[in-house]
Amino acid sequence: MNNFEFKNPTKIHFGKGLINKIASEIPAHAKVLMLFGSGSIKKNGIYEQVKTALQSFEVIEFGGIPANPEYQVLLKALAVIKEEKITYLLAVGGGSVIDGTKFLASAALYEGNNPWDILEKGIRSEVGMPFGVVLTLPATGSEMNSGSVISRRETNQKLGMGGPGLFPQFSILDPQVISSIPANQIANGIVDAFTHVLEQYMTYPTGANLQDRISESIMQNLIEIAPQILNNPSDYNAQCEFMWSCTMALNGLIQKGVPTDWTVHAIGHELTVLFGIDHAQTLAIIAPSHYRYNFENKKEKLAQYATRVWNITEGTIEEKANLAIDKTEAFFHSVGIKTHLSEYTDNFKEAAPFIFDSFSKRGILKLGERQNITPSDVVKILELSY
Ligand code: NZQ
Ligand code: ZN
């Protein structure tokens, strides 16, 4: 196990009917900017619950943050924060609203002229305006981590940012919010969380057994509850298991002391930029090809995953590892997510030159836990995914 530091300051309120807890978490004299997406919270009752809880606060609303939060929209929210002298942010939404709020928390205190530099120059956010979260969609883990991914359409970019100043102060996880999520977004959440575990697990053996076993448990849990939550999104037990599995998949715990990969996400973000494919769908397209292409480097962990997660006990390391990739792909299919790029777009052949160019220009020349995946390898992975 490698040396590590671990600090996660986000306070979680998990359970039924806890949205009113925001009133006791936000400082009494705060001037609050409530941020949300394209309107789902106005149809499912979450908006009313939040407004009721915020009755005693001075609140300004900013709605319309789109999926894959867009920089130009966020700049408008930043202007509101400055004009209205906002002191506290409240994100009510899924990963996109939370990530947008994290960008604003950083940009509000940023002293440079151009907030895009935070993303393009990779400036770490040591401090941020304080913010809280009401999670409406389990998937990203953004409610309990300090990372954010922001898109900018005019320059065809989707870039990450983060730092210790960007943990939510608190997050309300009321699993009942899942009842109104459409099936395709629930499937996205399952595949995103599952792939988060894979990115932190599917590397090489390091003897970090506890991290491995926690990761395997999260994956087993997701496999078990996937059909339950898809068949009945109002099943409270399944809601709880789904929501907490997604949070645990990316709150920092399982990545401590182990190597991590993140190649699937790096390529996936580019597919979203180029074709507008949902984040989780891009992961389902890339993960199987990535593991097939980098088979030799990953076969030990693939075989361990085969045995412990998929109960594949017969065969050589290679046979088990190969079967595990097939099982993973079949799992993505079972929730209704396709795993070939050509199933999403006729222009699939544009992906390899676009991403080769994008990575080369940005100096992303080495990816993966061994830092040995080059832009030319990325082209091969993409070709396997067509
Ligand atoms: O816009 P609204 O009205 O909120 O509707 C959303 C949106 O249309 C809808 N939705 C959310 N909660 C709902 C609901 N509909 C009905 N009932 C509810 N309770 O679902 C749609 C998708 O929402 P979005 O927030 O975009 O989804 P998700 O949580 O999957 O977030 C995706 C974004 O997070 C980034 C992705 O790249 C993408 O930009 N990620 C963030 C990470 C992080 N910060 O740690 C890690 C991830 O790997 C990922 O990159
Ligand atoms: Zn993800």
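The second largest pocket takes at least three lining residues from each of domain 1 (11–176) and domain 2 (183–385); these bounds come from an automatic or database domain assignment. The model is predicted: local features need pLDDT of at least 70, side-chain atom pairs count only at pLDDT 80 or more, and totals for chains, interfaces and linings use all residues. Residues are numbered from 1 along each chain as its sequence is written, chains are lettered from A and ligands numbered from 1 in the order in which they are written, and side-chain values use heavy atoms, with hydrogens and water left out.

The volume of this second largest pocket is about 180 Å³. Its lining comprises Ala67, Asn68, Glu70, Ser151, Arg152, Arg153, Asn156, Gln157, Lys158, Thr272, Val273 and Gly276. Two or more of the lining residues come from each of β6 (147–152), β7 (157–162) and α10 (263–275). Helices (H or I, at least four residues) and strands (E, at least two) are DSSP runs, numbered from the N terminus. The lining has six polar, four charged and two nonpolar residues. Ala, Val, Leu, Ile, Met, Phe, Trp, Tyr, Cys and Pro count as nonpolar, Asp, Glu, Lys and Arg as charged, and the others, Gly among them, as polar.

Pockets and cavities were located on a 1 Å grid over the protein atoms alone. A pocket is an open set of points with protein on both sides within 12 Å along at least five of seven lines; in a cavity a 1.4 Å probe fits but cannot get out; lining residues have an atom within 4 Å of a point. Grid points are joined across faces, edges and corners, and a volume is the space filled by probe spheres set on the points.

Two cavities reach 30 Å³ or more. Asn294, Asn297, Lys298, Gly368, Glu369, Arg370, Asn372 and Ile373 form its lining. Four of these residues are polar, three charged and one nonpolar. The second largest cavity has about 30 Å³. Among its lining residues are Gln200, Tyr204, Asp212, Pro259 and Lys301. That lining divides into four nonpolar, three polar and two charged residues.

The zinc ion (ligand 2) is coordinated at 2.0 to 2.2 Å by Asp192 (OD), His196 (NE2), His265 (NE2) and His279 (NE2). Donors are N, O and S atoms within 2.8 Å of the metal (3.2 Å for Na, K and Ca). The donor residues follow the spacing D-x3-H-x68-H-x13-H. Asp192 and His196 are about one helical turn apart, because four residues separate them in helix α7 (residues 183–201). Both are buried (under 20% relative accessible area, with exposed over 50% and partly exposed in between; 1.4 Å probe, protein chains only).
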